[in-house]
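Subject: Structure handover

Hello,

Here is the structure I said I would pass on. Please look through it first, then read the notes below.

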Amino acid sequence: MRRRHFITGIAASGAAFSGGLATPALAHPPKKMPNYDVPPEMMPRKVPIAAGAPPYEIHVDPDNFALYWTLPDNMAWRYTVGVGRPGLYESGEFYVGAKKEWPSWTPTPDMIDREPEKYEKYADGMDGGLDNPLGSRGLYLFTEERGDTFLRIHGTNDPSTLGKRVSNGCARLVNDQMAELYDRVPMNTRVVLYEPLG
């Protein structure tokens, strides 16, 4: 299914749009997930989607900062996400090749080259936890040709990054919403990151 048909189908159905590297997981995760101050329009909700969209896939619409977990009967869970900055967002078809709870994180060599003042101190990695850039959970995106693409769908403890182009190419949800999505998504799930139109 093409992006325009998938997205157009959502609009036509009346859905409202209102308002790193894999390493071992954290041995002692936080006992309680914080309650993030997310505006009501950014909370997950069930929405109708285009007829014929296969269920149990992830579709990311970067123009609307929306991630859809598709369901049977032309419905989906819609999450508000932050996406990759211009030049770092990568569209395409992927699959979930690994899943990690409270993943540790190591910046890629490209990230260190681009912003050494920000990332060089983490060249040896950072333990998992609430302040870790991958947050509570990570879905690791792979392709058959490349294996691990170093793209992730992951958590964040910073709700202000939702609805913005902020990341090094990944899609991010607040930690509690990411934990909910993580539990729904099995290994090998198809993931479609659409090309931005604007």
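The accessible surface of the chain comes to about 9500 Å², calculated by the Shrake-Rupley method with a 1.4 Å probe, where for residues only the protein chains shown count as cover. Carbon and sulfur atoms account for 52% of that surface. Of the 198 residues, 47% count as buried (buried is under 20% relative accessible area, exposed is over 50%, and partly exposed is in between, with a 1.4 Å probe and protein chains only).

This is a predicted model, in which local features need pLDDT of at least 70 and side-chain atom pairs count only at pLDDT 80 or more, while totals for chains, interfaces and linings use all residues. Residues are numbered from 1 along each chain as its sequence is written, and side-chain values use heavy atoms, with hydrogens and water left out.

The average pLDDT of the chain is 85, and 84% of the residues score at least 70; pLDDT is the predictor's confidence in each residue, from 0 to 100. Residues 11–27 have a pLDDT below 50, and this stretch has 38 contacts in the model beyond near neighbours in sequence (a contact means heavy atoms within 4.5 Å).

The chain has four helices and eleven strands. These are DSSP runs numbered from the N terminus, with helices being H or I of at least four residues and strands being E of at least two.

Salt bridges

The whole structure has eight salt bridges, each a side-chain nitrogen of Lys or Arg within 4 Å of a carboxyl oxygen of Asp or Glu. One of them joins arginine 190 to glutamate 57, with the closest N and O atoms 2.8 Å apart. Arginine 190 is in strand 11 (residues 190–193) and glutamate 57 is in the loop between strand 1 (45–48) and strand 2 (58–61), so the pair links parts of the chain 133 residues apart. Arginine 190 is partly exposed at 25% relative accessible area, whereas glutamate 57 is buried at 9%.

Another salt bridge is between glutamate 115 and arginine 85, whose closest N and O atoms are 3.4 Å apart. Glutamate 115 lies in the loop between helix 2 and helix 3, and arginine 85 in the loop between strand 5 (83–84) and strand 6, so this pair ties together parts 30 residues apart in sequence. Glutamate 115 counts as buried at 18%, and arginine 85 is partly exposed at 24%.

Aspartate 148 and arginine 152 also form a salt bridge, at 2.7 Å between the closest N and O atoms. Arginine 152 is buried, with 1% relative accessibility. Salt bridges with shared partners join Glu57, Glu93 and Arg190 into one network.

Aromatic rings

There are four aromatic pairs. Rings of Phe, Tyr and Trp (its six-membered ring) pair if their centres lie within 6.5 Å; planes under 30 degrees apart are stacked, over 60 edge-to-face, and the rest tilted. Tryptophan 105 and tyrosine 119 form an edge-to-face pair, 6.0 Å centre to centre with 65° between the planes. Tryptophan 105 is in the loop between strand 6 (92–101) and helix 2 (109–114), and tyrosine 119 is in helix 3 (residues 116–119), 14 residues apart. Both residues are buried. Ring pairs link Trp105, Tyr119 and Tyr122 into a cluster.

Which residue lies over the face of tyrosine 182, at 4.3 Å from the ring centre? That is lysine 99. The charged end of arginine 137 also sits over the ring of tyrosine 182, 5.6 Å from its centre (the rule is NZ of Lys or CZ of Arg within 6 Å of the ring centre and within 35 degrees of the ring normal).

Regards
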